[in-house]
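This report describes a chain through its helices, the contacts between them and a few individual residues. Please read it alongside the sequence and the structure shown here.

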Amino acid sequence: MDVMPQQPPQPPDPSRPPLETPGLSGPSSPSVPSGASALSALADPASLAEPPPPSLRTTLRRAALGVVAGAVLVTGAVVAVPEDGKKASRPPVPGPVSRALAATATGAPASLSDLTALIGDRQQWVGTHPSDARSWALLGTAYVEWGRRSADAAYYGRAEQALKRSLNVRPGENGNTAALVGLAELADARHDFVAARKWGETVRAREPKQWAVYPALIDAYSGLGDHKAASTAVERFTALRAGVPALVQTARMHLDRGRPEDALAGARAAADRATTPAQKAECLHLLGELAWERGEPKEAVAQFGAALRTDRAHHASLAGRARALVALGRTDEARRDYRAALAQLPRPEYLLELGELYESLGLDAQADEQYAQLRRALALDEGQGVDHALLRGRFEADHGDPEAAVVVLDAEWARSHRSAAVADALGWALHRSGDPSAALEYAADAVDTGGQNASYAYHLGMIQKELREYGPARRSLEEALRTNPGFSPLAGPAAQEALDDLADPPPDM
(Lines give C-alpha, C1' and ligand atoms only; values in the text may rest on other atoms or scores of the structure.)
Protein backbone atom coordinates (compact mmCIF):
# COMPACT_ATOMS: atom_id res chain seq x y z
CA MET A 1 0.00 0.00 0.00
CA ASP A 2 1.31 3.44 -0.92
CA VAL A 3 1.90 5.74 1.98
CA MET A 4 1.45 9.48 1.80
CA PRO A 5 3.71 11.10 4.37
CA GLN A 6 2.09 13.51 6.77
CA GLN A 7 4.42 16.49 6.90
CA PRO A 8 4.84 18.22 10.26
CA PRO A 9 4.86 22.02 10.05
CA GLN A 10 8.46 22.17 11.26
CA PRO A 11 11.19 19.55 11.43
CA PRO A 12 11.92 18.28 14.93
CA ASP A 13 15.17 19.03 16.64
CA PRO A 14 17.63 16.42 15.25
CA SER A 15 19.28 16.12 18.65
CA ARG A 16 15.97 14.87 20.12
CA PRO A 17 14.52 12.15 17.89
CA PRO A 18 11.00 11.02 18.71
CA LEU A 19 10.92 7.93 20.90
CA GLU A 20 7.30 6.96 21.42
CA THR A 21 5.86 4.54 18.89
CA PRO A 22 2.43 3.01 19.42
CA GLY A 23 2.75 -0.72 19.94
CA LEU A 24 6.46 -0.68 20.73
CA SER A 25 8.20 -0.56 24.08
CA GLY A 26 10.58 2.33 24.51
CA PRO A 27 14.35 1.92 24.60
CA SER A 28 16.32 2.61 27.69
CA SER A 29 18.08 5.93 27.78
CA PRO A 30 21.81 5.28 27.84
CA SER A 31 23.89 7.92 29.44
CA VAL A 32 26.17 9.87 27.18
CA PRO A 33 29.75 8.88 28.01
CA SER A 34 31.05 12.40 27.56
CA GLY A 35 30.29 15.59 29.44
CA ALA A 36 28.30 17.78 27.09
CA SER A 37 28.10 20.58 29.67
CA ALA A 38 31.80 21.32 29.26
CA LEU A 39 31.24 21.99 25.56
CA SER A 40 28.74 24.80 25.89
CA ALA A 41 31.51 27.38 26.11
CA LEU A 42 33.44 26.00 23.12
CA ALA A 43 33.41 27.74 19.79
CA ASP A 44 31.54 25.95 17.04
CA PRO A 45 34.10 23.40 15.79
CA ALA A 46 32.85 23.64 12.22
CA SER A 47 33.65 27.35 12.16
CA LEU A 48 37.25 26.55 13.09
CA ALA A 49 37.77 24.32 10.06
CA GLU A 50 40.62 25.18 7.74
CA PRO A 51 39.98 26.22 4.12
CA PRO A 52 39.28 23.36 1.73
CA PRO A 53 42.09 22.32 -0.61
CA PRO A 54 41.88 23.99 -4.05
CA SER A 55 40.82 20.73 -5.73
CA LEU A 56 37.68 20.63 -3.58
CA ARG A 57 36.50 24.18 -4.04
CA THR A 58 35.22 23.36 -7.51
CA THR A 59 33.26 20.33 -6.38
CA LEU A 60 31.75 22.21 -3.45
CA ARG A 61 30.72 25.03 -5.77
CA ARG A 62 29.24 22.54 -8.23
CA ALA A 63 27.17 20.94 -5.50
CA ALA A 64 25.76 24.28 -4.43
CA LEU A 65 25.00 25.26 -8.02
CA GLY A 66 23.43 21.86 -8.64
CA VAL A 67 21.01 22.31 -5.78
CA VAL A 68 20.09 25.80 -6.94
CA ALA A 69 19.78 24.70 -10.56
CA GLY A 70 17.60 21.76 -9.60
CA ALA A 71 15.28 24.03 -7.68
CA VAL A 72 15.14 26.45 -10.61
CA LEU A 73 14.32 23.66 -13.04
CA VAL A 74 11.54 22.27 -10.88
CA THR A 75 10.09 25.73 -10.31
CA GLY A 76 10.50 26.68 -13.94
CA ALA A 77 8.68 23.61 -15.12
CA VAL A 78 5.60 24.78 -13.26
CA VAL A 79 5.89 28.50 -13.92
CA ALA A 80 6.30 27.93 -17.66
CA VAL A 81 2.76 26.53 -17.93
CA PRO A 82 0.41 29.00 -16.25
CA GLU A 83 -3.19 27.93 -15.84
CA ASP A 84 -5.96 30.02 -17.43
CA GLY A 85 -3.59 32.90 -17.94
CA LYS A 86 -3.21 33.39 -14.22
CA LYS A 87 0.16 33.91 -12.62
CA ALA A 88 1.41 30.53 -11.51
CA SER A 89 2.32 30.19 -7.89
CA ARG A 90 5.52 28.52 -6.78
CA PRO A 91 5.23 24.87 -5.89
CA PRO A 92 5.70 24.03 -2.23
CA VAL A 93 9.27 23.40 -1.20
CA PRO A 94 9.76 19.68 -0.42
CA GLY A 95 9.43 19.06 3.29
CA PRO A 96 11.87 17.12 5.44
CA VAL A 97 9.97 13.84 5.17
CA SER A 98 9.88 14.08 1.37
CA ARG A 99 13.58 14.87 1.29
CA ALA A 100 14.39 11.92 3.52
CA LEU A 101 12.31 9.58 1.35
CA ALA A 102 13.98 10.91 -1.80
CA ALA A 103 17.44 10.32 -0.31
CA THR A 104 16.48 6.79 0.76
CA ALA A 105 15.20 6.03 -2.72
CA THR A 106 18.63 6.76 -4.20
CA GLY A 107 20.70 5.08 -1.49
CA ALA A 108 22.03 8.41 -0.23
CA PRO A 109 22.14 9.54 3.42
CA ALA A 110 19.41 11.88 4.60
CA SER A 111 20.25 14.83 6.78
CA LEU A 112 19.81 14.21 10.49
CA SER A 113 16.95 16.70 10.73
CA ASP A 114 15.16 15.10 7.78
CA LEU A 115 15.72 11.64 9.23
CA THR A 116 14.23 12.78 12.52
CA ALA A 117 11.20 14.15 10.71
CA LEU A 118 10.77 10.87 8.85
CA ILE A 119 10.83 8.88 12.10
CA GLY A 120 8.23 11.13 13.69
CA ASP A 121 6.05 10.97 10.60
CA ARG A 122 6.08 7.17 10.40
CA GLN A 123 5.52 6.83 14.14
CA GLN A 124 2.33 8.84 13.80
CA TRP A 125 1.25 6.91 10.72
CA VAL A 126 1.63 3.39 12.14
CA GLY A 127 -0.24 4.52 15.23
CA THR A 128 -3.37 4.78 13.11
CA HIS A 129 -2.39 2.27 10.40
CA PRO A 130 -0.90 -0.67 12.34
CA SER A 131 -1.30 -3.05 9.38
CA ASP A 132 0.95 -1.03 7.06
CA ALA A 133 3.91 -3.39 6.68
CA ARG A 134 5.76 -0.99 4.42
CA SER A 135 5.69 1.82 6.96
CA TRP A 136 6.81 -0.47 9.79
CA ALA A 137 9.77 -1.52 7.62
CA LEU A 138 10.58 2.08 6.78
CA LEU A 139 10.39 3.07 10.43
CA GLY A 140 12.60 0.18 11.51
CA THR A 141 15.23 1.00 8.90
CA ALA A 142 15.15 4.66 9.90
CA TYR A 143 15.76 3.62 13.51
CA VAL A 144 18.82 1.65 12.39
CA GLU A 145 20.17 4.68 10.56
CA TRP A 146 19.53 6.95 13.52
CA GLY A 147 21.22 4.50 15.87
CA ARG A 148 24.30 4.46 13.66
CA ARG A 149 24.51 8.20 13.21
CA SER A 150 23.83 9.08 16.83
CA ALA A 151 25.83 6.19 18.38
CA ASP A 152 22.73 5.36 20.43
CA ALA A 153 22.35 1.59 20.30
CA ALA A 154 19.02 1.77 22.13
CA TYR A 155 17.43 2.45 18.74
CA TYR A 156 18.54 -0.95 17.47
CA GLY A 157 16.13 -2.72 19.81
CA ARG A 158 13.32 -0.45 18.66
CA ALA A 159 14.33 -1.11 15.04
CA GLU A 160 14.16 -4.85 15.59
CA GLN A 161 10.66 -4.57 17.02
CA ALA A 162 9.44 -2.46 14.09
CA LEU A 163 10.97 -4.75 11.47
CA LYS A 164 9.52 -7.86 13.09
CA ARG A 165 6.15 -6.12 13.30
CA SER A 166 6.41 -5.49 9.56
CA LEU A 167 7.13 -9.17 8.89
CA ASN A 168 4.24 -10.21 11.12
CA VAL A 169 1.91 -8.12 8.99
CA ARG A 170 3.46 -9.26 5.73
CA PRO A 171 6.04 -12.10 5.74
CA GLY A 172 9.18 -11.85 3.71
CA GLU A 173 8.19 -14.69 1.40
CA ASN A 174 5.12 -12.66 0.48
CA GLY A 175 7.24 -9.86 -0.91
CA ASN A 176 8.22 -7.87 2.19
CA THR A 177 11.75 -7.32 0.94
CA ALA A 178 12.15 -3.98 2.69
CA ALA A 179 11.88 -5.57 6.14
CA LEU A 180 14.46 -8.24 5.27
CA VAL A 181 16.87 -5.59 3.98
CA GLY A 182 16.27 -3.68 7.21
CA LEU A 183 17.17 -6.74 9.27
CA ALA A 184 20.40 -7.14 7.27
CA GLU A 185 21.27 -3.50 7.95
CA LEU A 186 20.43 -3.91 11.63
CA ALA A 187 22.69 -6.95 11.93
CA ASP A 188 25.54 -5.02 10.28
CA ALA A 189 25.03 -2.14 12.69
CA ARG A 190 25.29 -4.59 15.59
CA HIS A 191 28.40 -6.16 14.00
CA ASP A 192 26.60 -9.49 13.63
CA PHE A 193 27.94 -10.19 10.17
CA VAL A 194 26.80 -13.81 10.03
CA ALA A 195 23.18 -12.74 10.54
CA ALA A 196 23.61 -9.85 8.10
CA ARG A 197 24.86 -12.27 5.45
CA LYS A 198 21.90 -14.59 6.10
CA TRP A 199 19.29 -11.87 5.67
CA GLY A 200 21.08 -10.30 2.74
CA GLU A 201 21.52 -13.55 0.85
CA THR A 202 17.86 -14.38 1.47
CA VAL A 203 16.88 -11.20 -0.34
CA ARG A 204 19.41 -11.72 -3.10
CA ALA A 205 18.17 -15.26 -3.74
CA ARG A 206 14.60 -14.03 -4.12
CA GLU A 207 15.29 -10.76 -5.88
CA PRO A 208 18.81 -10.70 -7.34
CA LYS A 209 18.21 -7.27 -8.88
CA GLN A 210 17.20 -5.66 -5.59
CA TRP A 211 20.04 -3.14 -5.41
CA ALA A 212 19.17 -1.92 -1.91
CA VAL A 213 20.46 -5.12 -0.28
CA TYR A 214 23.98 -4.96 -1.69
CA PRO A 215 25.45 -2.34 0.71
CA ALA A 216 24.40 -4.56 3.62
CA LEU A 217 25.93 -7.59 1.93
CA ILE A 218 29.16 -5.71 1.26
CA ASP A 219 29.46 -4.80 4.94
CA ALA A 220 28.68 -8.36 5.98
CA TYR A 221 31.23 -9.96 3.66
CA SER A 222 33.87 -7.43 4.67
CA GLY A 223 33.24 -8.13 8.35
CA LEU A 224 33.62 -11.85 7.70
CA GLY A 225 36.85 -11.35 5.77
CA ASP A 226 35.34 -12.74 2.55
CA HIS A 227 37.10 -10.39 0.15
CA LYS A 228 36.03 -12.19 -3.01
CA ALA A 229 32.35 -12.08 -2.10
CA ALA A 230 32.64 -8.42 -1.05
CA SER A 231 34.24 -7.48 -4.37
CA THR A 232 31.57 -9.36 -6.30
CA ALA A 233 28.86 -7.58 -4.31
CA VAL A 234 30.43 -4.19 -5.04
CA GLU A 235 30.53 -5.00 -8.76
CA ARG A 236 26.91 -6.14 -8.71
CA PHE A 237 25.81 -3.04 -6.81
CA THR A 238 27.59 -0.82 -9.33
CA ALA A 239 25.95 -2.62 -12.25
CA LEU A 240 22.49 -2.28 -10.72
CA ARG A 241 22.78 1.22 -9.26
CA ALA A 242 25.67 3.22 -10.69
CA GLY A 243 26.13 6.53 -8.93
CA VAL A 244 27.67 8.13 -5.87
CA PRO A 245 26.87 5.31 -3.38
CA ALA A 246 28.45 2.76 -5.72
CA LEU A 247 31.51 4.97 -6.19
CA VAL A 248 31.92 5.24 -2.41
CA GLN A 249 31.64 1.47 -2.00
CA THR A 250 34.18 0.92 -4.79
CA ALA A 251 36.61 3.40 -3.25
CA ARG A 252 36.39 1.67 0.13
CA MET A 253 36.96 -1.70 -1.54
CA HIS A 254 40.13 -0.39 -3.20
CA LEU A 255 41.32 1.03 0.13
CA ASP A 256 40.82 -2.34 1.84
CA ARG A 257 42.74 -4.07 -0.95
CA GLY A 258 45.75 -1.77 -0.69
CA ARG A 259 45.05 0.21 -3.87
CA PRO A 260 45.12 3.81 -2.59
CA GLU A 261 45.36 5.45 -6.01
CA ASP A 262 42.22 3.69 -7.23
CA ALA A 263 40.47 4.49 -3.95
CA LEU A 264 41.37 8.16 -4.30
CA ALA A 265 40.11 8.33 -7.88
CA GLY A 266 36.79 6.77 -6.89
CA ALA A 267 36.35 9.05 -3.86
CA ARG A 268 37.09 12.15 -5.92
CA ALA A 269 34.58 11.07 -8.55
CA ALA A 270 31.98 10.52 -5.84
CA ALA A 271 32.64 13.94 -4.28
CA ASP A 272 32.40 15.60 -7.68
CA ARG A 273 29.00 13.99 -8.40
CA ALA A 274 27.43 14.33 -4.95
CA THR A 275 24.59 16.84 -4.81
CA THR A 276 23.08 16.96 -1.32
CA PRO A 277 25.06 18.29 1.65
CA ALA A 278 24.79 14.98 3.55
CA GLN A 279 26.05 12.99 0.59
CA LYS A 280 28.80 15.52 -0.18
CA ALA A 281 29.99 15.42 3.43
CA GLU A 282 30.17 11.63 3.34
CA CYS A 283 32.41 11.79 0.28
CA LEU A 284 34.62 14.50 1.74
CA HIS A 285 34.95 12.44 4.91
CA LEU A 286 36.13 9.51 2.83
CA LEU A 287 38.73 11.75 1.17
CA GLY A 288 39.87 12.73 4.65
CA GLU A 289 40.18 9.07 5.65
CA LEU A 290 42.22 8.34 2.54
CA ALA A 291 44.56 11.27 3.23
CA TRP A 292 44.99 10.06 6.81
CA GLU A 293 45.73 6.49 5.74
CA ARG A 294 48.47 7.61 3.37
CA GLY A 295 50.13 9.78 6.02
CA GLU A 296 49.04 13.24 4.90
CA PRO A 297 47.48 14.74 8.05
CA LYS A 298 47.40 18.32 6.75
CA GLU A 299 45.37 17.24 3.75
CA ALA A 300 43.16 15.15 6.02
CA VAL A 301 42.45 18.18 8.24
CA ALA A 302 41.41 20.16 5.16
CA GLN A 303 39.13 17.42 3.85
CA PHE A 304 37.43 16.83 7.20
CA GLY A 305 37.00 20.57 7.60
CA ALA A 306 35.37 20.76 4.19
CA ALA A 307 32.97 18.01 5.22
CA LEU A 308 32.01 19.99 8.32
CA ARG A 309 31.37 23.14 6.34
CA THR A 310 29.20 21.16 3.95
CA ASP A 311 27.20 19.45 6.71
CA ARG A 312 27.70 20.80 10.23
CA ALA A 313 26.08 17.63 11.60
CA HIS A 314 28.73 15.30 10.15
CA HIS A 315 30.24 14.72 13.58
CA ALA A 316 32.42 11.81 12.45
CA SER A 317 34.52 14.39 10.61
CA LEU A 318 35.24 16.12 13.93
CA ALA A 319 36.81 12.91 15.22
CA GLY A 320 38.64 12.39 11.94
CA ARG A 321 40.04 15.89 12.07
CA ALA A 322 41.06 15.39 15.71
CA ARG A 323 43.04 12.29 14.72
CA ALA A 324 44.87 14.24 12.03
CA LEU A 325 45.52 17.22 14.31
CA VAL A 326 47.24 14.90 16.79
CA ALA A 327 49.64 13.83 14.05
CA LEU A 328 50.40 17.50 13.38
CA GLY A 329 51.18 18.10 17.05
CA ARG A 330 48.13 20.37 17.48
CA THR A 331 46.90 18.50 20.52
CA ASP A 332 44.84 21.31 22.10
CA GLU A 333 42.76 21.58 18.92
CA ALA A 334 42.56 17.80 18.74
CA ARG A 335 41.15 17.58 22.26
CA ARG A 336 38.61 20.26 21.35
CA ASP A 337 37.44 18.28 18.35
CA TYR A 338 37.32 14.97 20.19
CA ARG A 339 35.21 16.48 22.97
CA ALA A 340 32.87 18.09 20.46
CA ALA A 341 32.53 14.84 18.52
CA LEU A 342 31.82 12.84 21.67
CA ALA A 343 29.16 15.32 22.77
CA GLN A 344 27.19 14.59 19.60
CA LEU A 345 28.42 11.15 18.54
CA PRO A 346 29.66 9.20 21.59
CA ARG A 347 31.21 6.28 19.75
CA PRO A 348 33.34 4.08 21.99
CA GLU A 349 36.27 4.17 19.57
CA TYR A 350 36.50 7.94 20.01
CA LEU A 351 36.70 7.47 23.77
CA LEU A 352 39.63 5.12 23.26
CA GLU A 353 41.39 7.53 20.92
CA LEU A 354 40.97 10.46 23.30
CA GLY A 355 42.15 8.33 26.21
CA GLU A 356 45.30 7.38 24.30
CA LEU A 357 45.90 11.02 23.43
CA TYR A 358 45.69 11.94 27.12
CA GLU A 359 48.03 9.07 27.98
CA SER A 360 50.55 10.21 25.37
CA LEU A 361 50.53 13.66 26.98
CA GLY A 362 51.14 12.25 30.44
CA LEU A 363 47.62 13.13 31.60
CA ASP A 364 47.03 9.80 33.27
CA ALA A 365 44.01 10.81 35.34
CA GLN A 366 42.16 12.08 32.28
CA ALA A 367 43.15 8.96 30.35
CA ASP A 368 41.85 6.70 33.11
CA GLU A 369 38.54 8.57 33.11
CA GLN A 370 38.18 8.08 29.35
CA TYR A 371 38.92 4.39 29.69
CA ALA A 372 36.35 4.08 32.48
CA GLN A 373 33.78 5.80 30.26
CA LEU A 374 34.75 3.44 27.45
CA ARG A 375 34.02 0.40 29.60
CA ARG A 376 30.61 1.81 30.49
CA ALA A 377 29.84 2.62 26.85
CA LEU A 378 30.78 -0.87 25.72
CA ALA A 379 28.59 -2.43 28.39
CA LEU A 380 25.63 -0.26 27.37
CA ASP A 381 25.97 -1.11 23.69
CA GLU A 382 26.47 -4.80 24.37
CA GLY A 383 23.27 -4.70 26.40
CA GLN A 384 21.55 -3.60 23.20
CA GLY A 385 22.93 -6.51 21.20
CA VAL A 386 26.00 -4.83 19.70
CA ASP A 387 29.07 -7.03 19.26
CA HIS A 388 32.02 -4.92 20.44
CA ALA A 389 34.47 -7.81 20.66
CA LEU A 390 36.94 -6.15 18.29
CA LEU A 391 37.10 -2.86 20.14
CA ARG A 392 37.01 -4.52 23.56
CA GLY A 393 39.87 -6.81 22.52
CA ARG A 394 41.95 -3.90 21.28
CA PHE A 395 41.39 -1.98 24.49
CA GLU A 396 42.11 -4.90 26.82
CA ALA A 397 45.27 -5.83 24.91
CA ASP A 398 46.86 -2.42 25.43
CA HIS A 399 45.17 -1.01 28.52
CA GLY A 400 43.63 -3.89 30.46
CA ASP A 401 43.92 -7.66 30.50
CA PRO A 402 45.62 -9.11 27.38
CA GLU A 403 44.59 -12.65 28.27
CA ALA A 404 40.95 -11.55 28.44
CA ALA A 405 41.45 -9.90 25.04
CA VAL A 406 42.63 -13.22 23.60
CA VAL A 407 39.52 -14.98 24.89
CA VAL A 408 37.18 -12.36 23.43
CA LEU A 409 38.91 -12.17 20.06
CA ASP A 410 39.41 -15.91 19.73
CA ALA A 411 35.65 -16.31 20.16
CA GLU A 412 35.12 -13.65 17.50
CA TRP A 413 37.39 -15.55 15.12
CA ALA A 414 35.48 -18.75 15.84
CA ARG A 415 32.25 -16.94 14.83
CA SER A 416 33.78 -16.52 11.35
CA HIS A 417 34.43 -12.81 11.93
CA ARG A 418 37.77 -13.06 10.18
CA SER A 419 38.44 -9.63 8.78
CA ALA A 420 41.93 -8.17 8.69
CA ALA A 421 40.99 -6.03 11.69
CA VAL A 422 40.11 -9.06 13.81
CA ALA A 423 43.23 -10.94 12.66
CA ASP A 424 45.39 -7.96 13.63
CA ALA A 425 43.71 -7.52 17.01
CA LEU A 426 43.94 -11.23 17.85
CA GLY A 427 47.58 -11.39 16.84
CA TRP A 428 48.41 -8.36 18.95
CA ALA A 429 46.50 -9.71 21.96
CA LEU A 430 48.39 -13.01 21.72
CA HIS A 431 51.67 -11.12 21.58
CA ARG A 432 50.74 -8.94 24.55
CA SER A 433 49.70 -12.03 26.53
CA GLY A 434 53.14 -13.56 25.98
CA ASP A 435 52.61 -15.84 22.97
CA PRO A 436 54.33 -14.17 19.98
CA SER A 437 54.73 -17.47 18.12
CA ALA A 438 50.95 -17.94 17.94
CA ALA A 439 50.53 -14.24 17.19
CA LEU A 440 52.72 -14.20 14.09
CA GLU A 441 50.30 -15.99 11.75
CA TYR A 442 47.39 -13.68 12.56
CA ALA A 443 49.48 -10.52 12.31
CA ALA A 444 50.95 -11.56 8.97
CA ASP A 445 47.47 -12.37 7.67
CA ALA A 446 46.25 -8.89 8.65
CA VAL A 447 49.12 -7.23 6.78
CA ASP A 448 48.57 -9.43 3.72
CA THR A 449 44.82 -8.78 3.49
CA GLY A 450 44.31 -5.40 5.17
CA GLY A 451 45.76 -2.99 2.65
CA GLN A 452 48.38 -0.42 3.59
CA ASN A 453 47.62 -0.07 7.28
CA ALA A 454 50.35 1.39 9.46
CA SER A 455 48.99 -0.12 12.67
CA TYR A 456 48.96 -3.63 11.23
CA ALA A 457 52.55 -3.26 10.01
CA TYR A 458 53.62 -1.96 13.43
CA HIS A 459 52.06 -4.90 15.25
CA LEU A 460 53.69 -7.38 12.88
CA GLY A 461 57.06 -5.66 13.29
CA MET A 462 56.90 -5.78 17.07
CA ILE A 463 55.96 -9.46 17.02
CA GLN A 464 58.81 -10.23 14.63
CA LYS A 465 61.21 -8.30 16.85
CA GLU A 466 60.10 -10.34 19.88
CA LEU A 467 60.76 -13.52 17.86
CA ARG A 468 64.23 -12.20 16.99
CA GLU A 469 63.38 -11.98 13.31
CA TYR A 470 65.24 -8.71 13.12
CA GLY A 471 65.38 -8.18 9.36
CA PRO A 472 61.63 -8.67 8.79
CA ALA A 473 60.92 -6.64 11.92
CA ARG A 474 62.93 -3.71 10.59
CA ARG A 475 61.11 -3.83 7.25
CA SER A 476 57.68 -3.99 8.91
CA LEU A 477 58.39 -1.08 11.24
CA GLU A 478 59.79 0.98 8.38
CA GLU A 479 56.64 0.23 6.39
CA ALA A 480 54.44 1.39 9.28
CA LEU A 481 56.27 4.69 9.65
CA ARG A 482 56.54 5.22 5.90
CA THR A 483 52.80 4.65 5.43
CA ASN A 484 51.66 6.95 8.23
CA PRO A 485 54.25 8.16 10.76
CA GLY A 486 51.54 9.67 12.98
CA PHE A 487 49.23 6.67 13.00
CA SER A 488 48.96 6.63 16.81
CA PRO A 489 50.10 9.00 19.59
CA LEU A 490 51.27 5.97 21.60
CA ALA A 491 52.23 3.36 19.01
CA GLY A 492 53.87 5.79 16.58
CA PRO A 493 56.68 6.77 18.98
CA ALA A 494 56.95 3.13 20.10
CA ALA A 495 57.48 2.06 16.49
CA GLN A 496 60.25 4.62 16.03
CA GLU A 497 61.92 3.57 19.28
CA ALA A 498 61.81 -0.09 18.25
CA LEU A 499 63.27 0.75 14.87
CA ASP A 500 66.06 2.72 16.50
CA ASP A 501 66.83 -0.32 18.66
CA LEU A 502 67.24 -2.35 15.49
CA ALA A 503 69.65 0.13 13.93
CA ASP A 504 72.53 -1.60 15.73
CA PRO A 505 72.29 -5.33 14.98
CA PRO A 506 72.07 -7.49 18.13
CA PRO A 507 75.15 -9.58 18.85
CA ASP A 508 73.56 -12.85 17.73
CA MET A 509 72.60 -11.63 14.24
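## Helix 10 and its surroundings

The buried residues of helix 10 are Val244, Pro245, Ala246, Leu247, Val248, Gln249, Ala251, Met253 and His254, where buried means under 20% relative accessible area, exposed means over 50% and partly exposed lies in between, with a 1.4 Å probe and protein chains only. These buried residues pack against helix 2 (96–106), helix 8 (214–223), helix 9 (227–240), helix 11 (260–273) and helix 12 (277–293), a contact being heavy atoms within 4.5 Å. Helices are DSSP runs of H or I with at least four residues, strands are runs of E with at least two, and both are numbered from the N terminus.

Helix 10 covers residues 244–256, and its 13 residues should span 18 Å at 1.5 Å a residue, which agrees with the 18 Å between its end C-alpha atoms; the expected span is 1.5 Å times one less than the number of residues. Helix 10 is followed by Gly258, whose phi is positive, near 75°.

## Basis of the model

The model is predicted, so local features need pLDDT of at least 70 and side-chain atom pairs count only at pLDDT 80 or more, while totals for chains, interfaces and linings use all residues. Residues are numbered from 1 along each chain as its sequence is written, and side-chain values use heavy atoms, with hydrogens and water left out.

## The chain as a whole

The chain has 24 helices and 0 strands, and 49% of its 509 residues count as buried. Among contacts between residues at least 6 apart in sequence, 61% join residues at least 24 apart.

Helix 12, one of the helices against which the buried residues of helix 10 pack, has 17 residues and reaches 24 Å from its first C-alpha to its last, close to the 24 Å expected at 1.5 Å a residue. Helix 12 is mostly covered, with 13 of its 17 residues buried, and just after this helix Gly295 takes a positive phi of about 75°.

Ser231 has its place in helix 9 and is buried, with a relative accessible area of 18%. When its neighbours within four places in sequence are left aside, Ser231 is in contact with Met253 and Arg257; Met253 is itself among the buried residues of helix 10.

## Two helix pairs

Helix 14 (residues 316–327) and helix 16 (residues 348–360) pack at an angle of about 25°, with their axes 11 Å apart. Axes are lines fitted to C-alpha atoms, for helices over the stretch in contact, and angles run from 0 to 180 degrees between N-to-C directions. The two helices are therefore roughly parallel to each other, since angles under 35 degrees count as roughly parallel, over 145 as roughly antiparallel, 65 to 115 as roughly perpendicular and the rest as oblique. In this pair, Ala316, Ala319, Arg323 and Val326 of helix 14 meet Tyr350, Glu353 and Leu357 of helix 16. The residues of the contact divide into 5 nonpolar, no polar and 2 charged, with Ala, Val, Leu, Ile, Met, Phe, Trp, Tyr, Cys and Pro counted as nonpolar, Asp, Glu, Lys and Arg as charged, and the others, Gly among them, as polar.

The axes of helix 23 (residues 470–483) and helix 24 (residues 491–501) come within 10 Å and cross at roughly 145°. Arg474, Leu477, Glu478 and Leu481 of helix 23 make the contact with Gly492, Ala495, Gln496, Ala498 and Leu499 of helix 24, and these residues divide into 5 nonpolar, 2 polar and 2 charged.

## Residues of helix 17

Asp381 and Gly383 both lie in helix 17 (residues 364–383), but Asp381 counts as buried at 13% relative accessibility, whereas Gly383 counts as exposed at 62%. Not counting residues up to four places away in sequence, Asp381 touches Ala153, Pro348, Val386 and His388. The C-alpha atoms of Gly383 and Ala153, 230 residues apart along the chain, are separated by 8.8 Å.

Most residues other than glycine have a negative phi. Arg468, in the loop between helix 22 (454–466) and helix 23, has a positive phi near 65° and counts as exposed at 51%.
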